Amino acid sequence: MSRFPRLALVLGLAGLSAVTGLTATPAVGQAPKSGGVLNIMQREDPPQGFSIHETATISTVWPGMPCFNNLVLFDPLKKTESMDTIIGELAEKWSWQDNYRNLVFFLRKDVKWHDGKPFTSKDVKYTFDMVREAPDAQVKLRINPRKDWYANVEKIEAADPYTVVFHLKRPQSSLLMMLASGYSPVYPAHVPPAELRTTCVGTGPFKLKEWKRGEYIDFVKNPDYFVKGRPYLDGLRYIPIQERGTKFAALQSGRLDVAFPGDASKTIADQVTKAEPRIKLTIAHQNVNDNLLLNVTKPPFNNVKVRQAISMAIDRRAAVQAVHQGGAVVGASLAPRPYGVWGLLEKDLAGLPGYGKSADEKARARKLLIEAGFGPANPLKVEMATRNIPIYIDLASFVISELRQVGVEATLKQIETAQWHPLATRKEYQAGPNLTGIGPDDPDANFYENYACGSPRNYTGYCDEQVMKMIDQQSQELDPKKRVQMVWNVQKKLEEDAARPMIDWRLEHYLQWQYVKNLIPHQSIYNYGRMQEVWLDK
Amino acid sequence: MSLVIFVLLRLAPGNMVDILFSTGGYVSESDKAAIEKELGIDRPIWVQYVDWLRDMATGKLGKSYRYDLPAWELIKPLIPVTVELAVLSTIIAILLGVPTGVISAVRQDTSLDYVLRVFSLAGLSMPSFWLGMVIILALVAWIGWIPPITYVSPAENFKIHLVQFLLPALAVGYRSSALITRITRSALLEVMREDYIRTAWAKGQSGRIVIWRHALKNAMLPVITVIGIEFAFLIGGLVVTETVFNLPGVARFLVQAILWRDYPIVQNIVMFIAIVVVLSNLLVDLLYGWFDPRVRYG
């Protein structure tokens with residue numbers, strides 16, 4: 001007999017979210033029309049094919065999302081992502097139990113994989129045991145960037161074919177946020193993960209029709225999709241175009257209907273909408289930040305004063321103008337409001353190193369450098385290593401010019417992508433500007449990935465016991481108001497320690513033709529690519 | 001040649017596995033070792049080389065590390081795209097370059113000659129990819145249209161296929177024609193100073209016969225050489241044009257494979273380019289014989 005009989009639900013402290021399927025309604029006004037193929041900009045052929053769990057790049061998530069479903073997802077029709085906008089996909093209902101230590105999902109019974117096999121709780125257990133590298137996991141991912149998201153999961157139980165329970169070591173309300181991300185699809189247990197690098201078998205609204213490498217990826221409507229009447233579109237075509245001018249010319253001429261998330265700068269967006277007023281611009285947020293990696297495992301950045309000085313030297317507001325032409329916002333380690341829900345308030349930000357008035361901050365930076373033993377006679381010499389991609393180089397050039405103003409002799413070293421991550425992981429660098437994208441706007445997803453001791457993506461090697469304790473404490477806090485305060489404290493501590501100085505958060509300037517309806521950019525580029533609700537008004 | 005390709009590739013720092021991990025934003029040394037073993041790239045280079053040679057000899061061209069598909073399956077459909085673009089570009093270059101060079105030589109030091117020389121110099125100065133980009137931007141700005149951004153085969157729609165290839169071929173052909181114009185002009189000027197040409201004029205032959213039948217035929221040898229070199233260069237050199245016009249050709253794929261350290265793909269494409277270079281040089285040598293009967297082989 002199942003330990004969790006359906007009729008005997010125990011409501012979690014935060015309440016039960018009971019959403020049957022996708023109840024979101026289309027945008028106000030018109031009735032959706034069925035039909036048509038959406039032509040979608042794609043940056044490159046998806047690395048690792050459709051195996052979303054094996055990458056950390058939007059290039060795979062964007063074309064992969066229509067093929068899959070999650071247990072839960074952020075409502076595609078709501079721009080802001082939070083606990084309140086999570087809706088069910090493969091899970092009809094879910095329930096927190098035992099003071100947020102157990103998360104029970106009651107699964108839909110009418111779901112089939114694209115090859116006709118039925119979806120059951122076995123697929124969920126298989127997927128997340130694989131991702132968390134459970135001792136009894138059936139398979140192992142070749143590359144596993146988000147293992148740390150599930151570090152708190154003790155075991156996953158497929159109680160019956162349509163019930164699955166995540167047993168946690170301690171309370172963690174953020175687990176639901178991470179499961180709602182575009183980075184958390186459910187894989188088929190009967191298909192080896194390696195196969196998903198060349199083809200796609202999911203439960204999603206669209207089935208893969210053809211992937212012509214380097215040319216296009218075609219999807220067709222899934223006629224057996226469990227949400228009746230969806231999708232509206234007959235198909236999707238993702239077209240990889242590398243050359244920036246060509247891709248936006250293609251959008252402007254109507255060869256493409258929608259852009260690729262995060263691709264259009266403010267300047268490009270303004271130019272395109274001016275040239276073609278029928279293209280709509282939506283300003284949202286990417287949940288991607290520019291930050292500065294300082295290798296804390298070696299001199300000089302093992303000295304907190306030197307790190308603070310570097311952070312103070314950078315005029316973040318000038319970076320927003322110089323590097324992004326105004327298309328970014330200043331914030332600490334979590335996305336600032338109104339784009340994120342956890343960001344520090346302006347008044348708290350202003351008091352942190354590097355966030356005050358530029359002239360004052362630079363003066364403080366010089367003073368700190370002198371205290372650390374660096375001055376005009378003995379200048380600090382820093383080699384800025386960064387990937388040899390324009391968006392990284394632009395940022396690096398700005399940072400170098402800022403550092404020179406406080407007497408730091410900074411030079412640029414461009415590193416090819418193939419060498420960058422090995423170098424960063426092995427901490428064989430001094431400093432380097434970096435971009436970091438985070439799936440959901442969630443403290444656990446961000447902190448455990450980028451700041452936790454020993455995390456493979458903690459490139460700086462920053463490891464502070466007190467901070468780890470603060471991160472763990474906020475993760476377990478169930479009172480939202482208390483938790484926000486705790487998260488603010490973590491952010492302040494990270495900026496005070498200059499663990500990984502934040503420079504800015506990139507805004508999204510999303511372009512699409514006006515006849516494309518219900519493709520609503522979210523505050524993170526990683527979570528709204530399902531295409532289930534999208535329709536064409538033409 | 002094969003040894004050079006093989007070794008040079010592996011001298012570049014990093015390998016495919018580093019790229020794979022970069023898509024995940026981290027590197028795990030233990031997992032990296034496992035994947036290198038899976039792909040066979042952990043073996044000594046000489047072992048990999050011998051295996052590759054043996055596979056080539058038996059017609060096995062390997063598997064793409066990135067796509068996990070047979071290399072030939074990926075490369076085969078791309079070859080006609082690049083070859084067609086190269087051939088069209090060369091035809092345009094010849095059709096534009098030779099007559100322009102002839103006119104420029106015949107009308108030496110006239111205003112027409114100066115105009116044509118500036119025209120050809122502009123072609124030499126403008127990178128073809130830049131010209132391609134300007135064409136696309138001009139089209140979208142003036143008429144709100146650009147050629148299709150996915151490949152349309154001749155069987156699907158010949159008219160659209162032609163339009164799709166004509167624009168990039170014009171951009172590349174114009175640049176190549178510039179060189180052909182200059183070579184044709186200087187070669188023709190040299191030939192036209194020969195005694196037999198003066199004799200032909202003295203005999204009252206028409207200008208058309210003197211220039212096109214006598215002079216040009218003898219001036220063509222250096223022009224053919226340049227055409228052959230340009231064509232061979234185009235096969236690998238079309239990468240940026242293919243990128244700008246989003247054509248799925250071999251040249252673009254080669255650069256992507258290099259960035260991805262996809263050794264089987266790079267090795268196969270480079271060998272293909274080497275074969276094309278050899279064949280085009282052979283064709284040029286054979287054409288010498290046709291243009292100049294004094295050149296005999298065998």
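Chain B averages a pLDDT of 88, and 98% of the residues score at least 70; pLDDT is the predictor's confidence in each residue, from 0 to 100. For the complex, the predictor gives an ipTM of 0.90 and a pTM of 0.92. This is a predicted model, in which local features need pLDDT of at least 70, side-chain atom pairs count only at pLDDT 80 or more, and totals for chains, interfaces and linings use all residues. Residues are numbered from 1 along each chain as its sequence is written, while chains are lettered from A and ligands numbered from 1 in the order in which they are written.

**Chain B**

- The secondary structure of chain B comprises 14 helices and zero strands, where helices (H or I, at least four residues) and strands (E, at least two) are DSSP runs numbered from the N terminus.
- Along the principal axes, the C-alpha atoms of chain B fill a box of roughly 85 × 55 × 35 Å.
- Of the 298 residues of chain B, 41% count as buried. A residue is buried if 20 or more other C-beta atoms lie within 10 Å of its own, exposed if 12 or fewer, and partly exposed in between, with C-beta atoms placed from the backbone.
- Among contacts in chain B between residues at least 6 apart in sequence, 72% join residues at least 24 apart; two residues are in contact if their C-beta atoms, placed from the backbone, lie within 7 Å.
- The axes of helix H6 (residues 79-106) and helix H9 (residues 158-191) of chain B come within 5 Å and cross at roughly 35°. Axes are lines fitted to C-alpha atoms, for helices over the stretch in contact, and angles run from 0 to 180 degrees between N-to-C directions.
- H6(B) passes H9(B) in a right-handed crossing; a crossing is right-handed if the near helix is turned clockwise from the far one by less than a right angle, and left-handed if anticlockwise.
- By class, the contact of H6(B) with H9(B) has 18 nonpolar, eleven polar and two charged residues. Ala, Val, Leu, Ile, Met, Phe, Trp, Tyr, Cys and Pro count as nonpolar, Asp, Glu, Lys and Arg as charged, and the others, Gly among them, as polar.

**Interface between the chains**

- In the complex, 37 residues of chain A are in contact with 36 residues of chain B.
- Helix H4 (244-253) and helix H11 (417-425) of chain A are the elements that give two or more residues to the side of chain A that touches chain B.
- H11(A) gives the most to this side, with seven residues.
- The residues of the side of chain A that touches chain B divide into 14 nonpolar, 14 polar and nine charged.

**Open sheet of chain A**

- Four strands of chain A form an open sheet in the order E2-E11-E10-E9, with mixed pairing; two strands pair if DSSP finds at least two bridges between them.
- The edge strands are E2 and strand E9 (206-212) of chain A, each of which pairs on one side only.
- Neighbouring strands of this sheet are turned by 20° against each other on average, direction ignored.
- Strand E2 (residues 37-42) and strand E11 (residues 235-240) of chain A pair in the parallel sense over six bridges, and A:Gln42 stands opposite A:Pro240 in E11(A).
- Strand E10 (residues 216-221) of chain A runs antiparallel to E11(A), joined by four bridges; A:Asp218 stands opposite A:Arg237 in E11(A).
- E9(A) and E10(A) are antiparallel and joined by six bridges, with A:Lys221 in E10(A) as the bridge partner of A:Phe206.

**Enclosed helix of chain A**

- Helix H6 (residues 304-313) of chain A is largely enclosed by the rest of the structure, because eight of its ten residues are buried.
- The buried residues of H6(A) pack against strand E12 (279-294), helix H9 (358-371) and helix H10 (390-404) of chain A.

**Backbone features of chain A**

- A cis peptide bond with omega of about -5° joins A:Arg230 and A:Pro231; A:Pro231 is found in the loop between E10 and E11 of chain A.
- The peptide bond from A:Pro299 to A:Pro300 is also cis, with omega near 0°, and A:Pro300 is found in the loop between E12 and H6 of chain A.
- A:Asp98, although not a glycine, has a positive phi of about 55°; this residue is partly exposed, with 14 other C-beta atoms within 10 Å.
- A:Tyr100, also not a glycine, has a positive phi of about 65° and counts as buried, with 21 C-beta neighbours inside 10 Å.
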